[in-house]
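User: I am new to this structure and would like to learn how its features are read, one at a time. Could we begin with the open spaces in it and then turn to the strands?

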Amino acid sequence: MDAVEVGVAGLRHDRGLAVVADGVVLTQREHPVLARVRPVLDDATARLTLSYDGRDPVDALVDTSGRTREVTLFDETVAVVDQAPELSAWFGGLLGRTVQLVGAPAGTRRTSPGAVPRQTVLSDEGSVSLHSEASLERLNGLLAARGEPRLPADRFRANVVVGGCPAHAEDDAATFRAGDVTLAFARLDERCAVTTVDQQAGERRGPEPLRTLATYRRLDGAGVAFGVYAAVTVPGTLRLGDPVLLDRRS
């Protein structure tokens, strides 16, 4: 897409739906095949179409104004609305278990780090995830030196990728200003096993990039970092090619 609206909870429609089983949100950590699902939401009609190679597509209306119930996401409860049974059944057939597709109503918020609390909905931790092209290029150079293939940017599923700055300059930024949107640094993005999932094949591909990131991007205590989470302090519209101004933290 060439432009996207950014609200306090993040990019429009980003992570507004989730698959739930037994009251717990499922992710690519447990079900990498979810990467191959191709959702298309028609803004004008609120109709969602789900497709997946080798399966018949399904479509139904998305409605987040109904009765809410609580589910668990990363040990925290969040209010959601069950979606059309045919959408849930489609996911159930894909995953081979009973699941429900749920949506986040407008008032749903979870605790989030950064300048503005309680922004996130069904995302991991922050409203917007961001990394630089140079950070990915540095990682790919180190992977090549180890005889590993280059990785595409979709391994990190960032909302925003910026160019024209040094590798990991995003780590030291206080704010990111692009178009009429301002984002504020919230925290480093600690990476998990989803980065090992080939987003086109829906399959895990071994220990990379976590193994290589561990050689130079290890966090204190445990884990590795790549990119950052940011809070939305000034909502607006982001457009492809918008100049980005990074204000460094003092």
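User: What volume does the second largest pocket have?

Analyst: Rolling a probe the size of a water molecule over the atoms shows where empty space is left. In this model, which is predicted, the second largest pocket has a volume of about 290 Å³.

User: Which residues lie nearest the centre of that pocket, and how is its lining divided by class?

Analyst: The second largest pocket is lined by 22 residues, and those nearest its centre are Arg29, Asp124, Asp189, Glu190 and Tyr229. By class, its lining holds 10 charged residues, together with six polar and six nonpolar ones.

User: Which strand gives the largest share of that lining?

Analyst: Strand β14 does, with three residues, and both β11 and β14 (181–191) supply at least two residues each.

User: How many bridges pair β13 with β19, and what is the bridge partner of Phe176?

Analyst: Strand β13 (residues 173–178) pairs with β19 over five bridges in the antiparallel sense, and the partner of Phe176 in β19 is Leu246.

User: Which strands pair with β10?

Analyst: Strand β3 (residues 17–21) pairs with β10 (residues 100–103) over four bridges in the antiparallel sense, while β9 (residues 76–82) is joined to β10 by two bridges, and these strands also run antiparallel. Val102 in β10 is the bridge partner of Ala18, and Asp82 likewise stands opposite Val102.

User: Where do β2 and β18 stand in the open sheet of three strands?

Analyst: That sheet has the order β2-β1-β18 with antiparallel pairing. Strands β2 (10–11) and β18 (236–239) stand at its edges with a single partner strand each, so one side of each has no neighbour in the sheet. Two bridges join β1 (residues 3–7) to β2, and Gly7 stands opposite Gly10 in β2.

Technical notes: Residues numbered from 1 in each chain as written. Predicted model: local features only at pLDDT ≥ 70, side-chain atom pairs only at ≥ 80, totals over all residues. Heavy atoms only, no water. Pairing = 2+ DSSP bridges. 1 Å grid on protein atoms, 1.4 Å probe; cavity = no way out; pocket = protein on both sides within 12 Å on 5 of 7 lines; lining within 4 Å. Points joined across faces, edges and corners; volume = space filled by probe spheres on them. Nonpolar A, V, L, I, M, F, W, Y, C, P; charged D, E, K, R; others polar.
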